[in-house]
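Please look over the sequence and the structure below before reading on.

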Amino acid sequence: MACSGFTCSKHSLCALNILYVMVSLLMIGIAAWGKWFGLVSSFQVVGGVIGVGVFLFFVALVGLIGAVKHHQVLLFFYMIILFMVFIVQFSVSSACLAINKDQQEQLLEVGWNNSHTTQRDVEKSLNCCGFYHVDNNGTCDAACFPNHSCSPCAEHIQAHAGEVLRFVGGIGLFFSFTEILGVWLTYQYRNQKDPRANPSAFL
């Protein structure tokens, strides 16, 4: 049996926010798992991912409660927040897809120089030392360092940076379109009358 416009909008909005809840819990779980097993030692990286996951979880929760209860105020704030998230995410995703090789190298070097914890993580996981040059008189957590057989990390990172940026940009672009869909659904749903309510009531 075909559903009414009100019911279809409600179910679609609920399904979209359940998806966001699952994605947010997945982000929090992966960050915690990476920290627990020592894959990532940087508190800034783990904290950033968990922070984004918690933010997405609460936004999705607001949208889910607003959709279930047809709560005008919650739906309004959800729509505004989701639209702002869409603008930021669409801009970042487009930048990831549009960045060229020279810009990639500059960003990677800035990121490398700004975090010693990230340097250690990369050196250990990619089995390399230094960014452009290996300092045999320095310290390095890579397994190849005692044998003086390490290569610079820049070539390892740059080999995968383009693929990673395209993947992140593509995923971000996909989710940005689900967010604008959420804004449109919320706008449609918010301006519909609840068939269970008083027919003379204006929503």
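**A walk through the model**

V73 is partly exposed, with a relative accessible area of 46%, where partly exposed is the range between buried (under 20% relative accessible area) and exposed (over 50%), with a 1.4 Å probe and protein chains only. This is a predicted model, in which local features need pLDDT of at least 70 and side-chain atom pairs count only at pLDDT 80 or more, while totals for chains, interfaces and linings use all residues. Residues are numbered from 1 along each chain as its sequence is written, and side-chain values use heavy atoms, with hydrogens and water left out.

The protein chain has six helices and zero strands, helices being DSSP runs of H or I with at least four residues and strands runs of E with at least two, numbered from the N terminus. Confidence is expressed as pLDDT, the predictor's confidence in each residue from 0 to 100; its mean over the protein chain is 80, and 86% of the residues reach 70 or more. Among the elements, confidence is lowest in helix α4 (residues 101–114), at a mean of 79, and highest in α3, at 88.

Turning to the interior, buried residues make up 32% of the 203 residues in the protein chain. The largest nonpolar core has 18 residues, and those with the most contacts inside it are L13, Y20, A67, Y78, L82 and Y189; such a core is a set of buried Ala, Val, Leu, Ile, Met, Phe, Trp, Tyr and Cys residues joined through side-chain atoms within 4.5 Å. Helices α1 (5–36), α2 (43–69), α3 and α6 each supply at least two residues of this core, and α1 gives the most, with six residues.

The structure also holds seven aromatic pairs, counted when ring centres of Phe, Tyr and Trp (its six-membered ring) lie within 6.5 Å, with planes under 30 degrees apart called stacked, over 60 edge-to-face and the rest tilted. One of them joins F90 and F177 edge-to-face, at 6.3 Å centre to centre and 75° between the planes. Because F90 lies in helix α3 and F177 in helix α6 (residues 153–190), this pair ties together parts that are 87 residues apart in sequence. F90 is itself partly exposed, at a relative accessible area of 33%, and F83, F86, F90 and F177 form one aromatic cluster.
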